[in-house]
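My entries follow in the order I made them.

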Amino acid sequence: MVELLTHPLFSFPAGPLSIVATFLCWTGFALAIASSFSCEFFARVVRAQLYIIPTDTQFPFSKDASLGMWYFKGDWEDANLAVDAEDKDCHPYEDAFNDDDHWKTAQALNIVSMGFASMASFGMLFLGCRLLTSGQRKLCAVTIYAAMVAQGMQFLVFQGEVCANKTIQELNPNILVLDFEAHCRVEIGGNCCIAAMVLWLFTGLCVLAIKDTPAQMKDTSSLPDGVEVTEETVGESI
């Protein structure tokens with residue numbers, strides 16, 4: 001049993017740096033998942049001054065609508081601006097939701113990011129329990145950075161129609177908008193997205209900083225000319 005546990009396959013050949021990189025990668029993956037399924041990625045903040053034509057009165061209107069990549073929080077106001085204040089649940093978007101090109105692109109990039117992050121996270125598990133060649137580590141770092149870039153480009157939604165400073169659409173004909181202002185702000189889901197990107201940045205740096213072990217360098221120098229270092233050659237040396 002002792003001989004089995006001391007076998008190189010069960011050691012940490014790259015030292016504690018591989019453990020740190022794996023931990024950072026999986027923590028970032030968890031934050032990315034939380035960000036993807038959050039209904040509070042960002043909020044559309046609306047401030048308006050409305051004029052009620054039948055009663056000849058004015059009143060201020062404000063609304064902070066929390067939105068996510070795939071879900072929104074709470075209740076949408078109807079044509080009379082009636083809101084169910086008790087509804088704090090997350091709901092999927094209806095087919096009638098006006099998702100513009102920026103929104104659709106952000107959703108597609110969310111899927112791409114999660115795909116790269118899944119591959120990188122499971123690949124990082126091999127980093128701490130077996131020898132990986134330099135090429136394999138570089139490929140892992142590239143995958144992590146691809147996930148990071150796709151994750152960050154989800155903020156394209158801030159350039160879309162949802163965050164545009166445009167007046168309320170399809171408002172009650174008895175209500176006149178005198179003053180209107182709208183913008184978007186980052187919420188907890190967006191903060192999780194940013195945190196995941198930061199962790200993946202450091203994960204990639206850790207992976208690239210890992211050097212070949214003495215056994216790998218010895219095997220490389222002892223190989224005949226024209227023979228490349230592959231997973232099979234490293235495995236044979238173990």
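**Entry 1: α2 and α5.** I began with helix α2, residues 16-36, and its packing on α5 in this predicted model. The angle between them is about 160°, and their axes lie 8 Å apart. Angles over 145 degrees count as roughly antiparallel, so α2 is roughly antiparallel to α5. I also looked up the handedness, and the crossing of α2 and α5 is left-handed.

Next I listed the residues that meet. From α2 the list includes L17, V20, L24, F29 and L31. From α5 it includes C192, A196, L199, W200, F202 and V207. Sorted by class, the contact of α2 with α5 holds 18 nonpolar residues, five polar ones and no charged ones.

**Entry 2: α3 and α5.** I then turned to helix α3, residues 101-127, which packs with helix α5, residues 188-209. Here the angle is about 40° and the axes are 13 Å apart. Roughly parallel would need an angle under 35 degrees, so α3 and α5 are oblique to each other. The crossing in which α3 passes α5 is left-handed.

On the α3 side I noted S113, A117, M124 and L127, which meet W200, T203 and V207 of α5. I count by class again: five of these residues are nonpolar, two are polar and none is charged. W200, T203 and V207 were also on the α5 side of the contact with α2.

Which side chain does Q151 join in a polar contact? I found Q154 as the partner, at 3.0 Å. With neighbours within four places in sequence left aside, Q151 is in contact with A32, S35, S113, C193, M197 and W200. S113 is in α3, where it takes part in the contact with α5.

**Entry 3: the whole protein.** Last, I looked up the totals. The protein has seven helices and five strands. From the N terminus on, I wrote the order of elements as α-α-β-β-β-β-α-α-β-α-α-α. Of its 238 residues, 38% count as buried. Among contacts between residues at least 6 apart in sequence, 72% join residues at least 24 apart.

Note on methods: Residues numbered from 1 in each chain as written. Predicted model: local features only at pLDDT ≥ 70, side-chain atom pairs only at ≥ 80, totals over all residues. Heavy atoms only, no water. Axes fitted to C-alpha atoms, helices over the stretch in contact; angles between N-to-C directions. Helix = DSSP H or I, 4+ residues; strand = E, 2+ residues; numbered from the N terminus. Parallel < 35°, antiparallel > 145°, perpendicular 65-115°, else oblique. Left-handed = near helix turned anticlockwise from the far one by under 90°. Contact = heavy atoms within 4.5 Å. Nonpolar A, V, L, I, M, F, W, Y, C, P; charged D, E, K, R; others polar. Polar contact = N/O pair within 3.5 Å; in protein donor to acceptor, adjacent residues only side chain to side chain. Buried < 20%, exposed > 50% of the residue type's maximum accessible area, 1.4 Å probe, protein only.
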